[in-house]
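Let's take a walk through this model, starting with the overall picture and ending with a few individual residues. Keep the viewer open as you read.

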Amino acid sequence: MIYFEDRDLFSENQFGFIPCKGTDLAIEKHTQSILNSVDSQKYTLSLYLDFKKAFDVLDIDILFHKFRKYGIGDVAFEFLKSFCKGRKQAVKINGILSDILELKFGTAQGGVLGPIMFLIYINDLLQLDLYSSIYAYADDTALVCAAYNRESLLNKINLDLAKVSQWLIDNKLLINTSKTKCILFFDQYVSNASRQNMFKLNCHSHQCIYKCECFNIEIVESVKYLGLYIDQHLNWRIYIEHLSKKLRKINYSLYHMRNFIHGEHLKKLYILWFESTLRYGIIHYGGTYPTILKPVIMCQRFAIRTIFRLRYMDSVSHLFAENCLLTVTQLHIYSVVMYVFKNIAQFTFKQVSRVTRSANTPSLIVPS
């Protein structure tokens, strides 16, 4: 990892298993790319690739070739070779042991080295010369393509898919077509059926020499990407609906546990269970319209009434400050501040055009 990081060998758009990166940064870069294209009055399309059993089907010999390509040799290469080759496994069910067979494909899972080897394996996919921007969190890969008209967009994404398909064939990986989805953003004047007929996209898993029987990629209104539901209007309504259902289940449990658990322990359980669920992805969905966010706010108020044993109509506003708890809005602000602080290197400073008294204070360019 130190060797790859010092020489910047990993793509800057790979966010999985790399220090100082994570899902929040991956989602922020991905959604910001979409918003930048939409703000430029472009038709924007996002494609979400789903690799079929990605870690299990890596070709070991191709992986060795990539080790050599990135400058790993001598003792280090021999060590990695012995780590990958000659692994054996058996399956035991109800006390009956299967035959022991050698693993000829895939990386060893459950350790530190397996994910790193997978990152090395797909690294050149993220460095293909594409019209699209490509982002990945390990094997969760998304492409964002934009153009000023639908015909140009269709042409660009088909050219990119041809390159991605060829890379998959060369590297002996498969795409799960039923789980690979596509979204067209803010294209409100065309029905979903018309979009499907217009954008017949294919990601080929083999050389279609005589007749192509590959399935078309489905165009949908929303996709679950890194735990968040990204919808075609980017207003997070669909994700908040799913989050509200999850929070209501937690509230149900808290309500029935309040008769068995002391108030202070119930408060800790709220922070560890309810609030941690609320925090995930809040820097993205927390800035949406108050009307869309309202179900989450109501769930939080219900949880506070439960742990402090209040009636349905009792006010809870004063309890947040008194008990050092943050409201949904405050959690959003706090999370954004901490995110910018943690990822300060990802942001640029505003250029001062003229010297004023306030110009001495550095100001970051932070996406809205």
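What share of the 368 residues in the protein is buried? Buried residues make up 43% of them, where buried means under 20% relative accessible area, exposed means over 50%, and partly exposed is in between (1.4 Å probe, protein chains only). Before going on, a word on what you are looking at: this is a predicted model, in which local features need pLDDT of at least 70 and side-chain atom pairs count only at pLDDT 80 or more, while totals for chains, interfaces and linings use all residues. Residues are numbered from 1 along each chain as its sequence is written, and side-chain values use heavy atoms, with hydrogens and water left out.

The protein has 13 helices and 13 strands; helices (H or I, at least four residues) and strands (E, at least two) are DSSP runs, numbered from the N terminus. Its C-alpha trace spans about 70 × 65 × 50 Å along the principal axes. Take the contacts with a separation of 6 or more: 68% of them come from residues 24 or more positions apart, a contact being heavy atoms within 4.5 Å.

Now find the open sheet of 5 strands, with order 6-7-1-8-9 and mixed pairing. Two strands pair if DSSP finds at least two bridges between them. Strand 6 (133–137) and strand 9 (218–219) are the edge strands, each pairing on one side only. Further in, strand 1 (residues 43–50) and strand 7 (residues 140–147) run antiparallel and are joined by 8 bridges; one of the bridge pairs is Ser 46 with Val 144 in strand 7. Helix 2 (residues 23–39) packs on this sheet, touching strand 1, strand 6, strand 7 and strand 8 (181–185), and its direction makes about 150° with that of strand 1. Helix 6 (residues 150–170) lies across strand 1, strand 7 and strand 8, at about 145° to strand 7. For these angles, axes are lines fitted to C-alpha atoms, for helices over the stretch in contact, and angles run from 0 to 180 degrees between N-to-C directions.

Next come the helix pairs. The axes of helix 8 (residues 237–257) and helix 9 come within 10 Å and cross at roughly 170°, so the two are roughly antiparallel (under 35 degrees counts as roughly parallel, over 145 as roughly antiparallel, 65 to 115 as roughly perpendicular and the rest as oblique). The residues of this contact divide into 10 nonpolar, 3 polar and 1 charged; Ala, Val, Leu, Ile, Met, Phe, Trp, Tyr, Cys and Pro count as nonpolar, Asp, Glu, Lys and Arg as charged, and the others, Gly among them, as polar. Helix 9 (residues 263–279) and helix 11 also have axes that come within 10 Å and cross at roughly 170°, which means they are roughly antiparallel. Residues making that contact include Phe 274 of helix 9 and Ile 304 of helix 11.

Where does Thr 288 sit? Look in the loop between helix 10 (282–285) and helix 11 (290–307). Thr 288 is buried, with a relative accessible area of 13%. Leaving out residues up to four places away in sequence, Thr 288 touches Asn 235, Trp 236, Ile 240 and Leu 293. A polar atom of its side chain lies 2.8 Å from the backbone oxygen of Asn 235.

Asp 74, in helix 4 (residues 74–84), has a positive phi of about 55° although it is not a glycine, and Asp 74 is exposed at 66% relative accessibility. Leu 226 also has a positive phi of about 55° without being a glycine, but Leu 226 is buried, at 11%.

Note on methods: A polar contact is a pair of N or O atoms within 3.5 Å; within protein, one must be able to donate a hydrogen and the other to accept it, and residues adjacent in sequence count only if both atoms are side-chain atoms.
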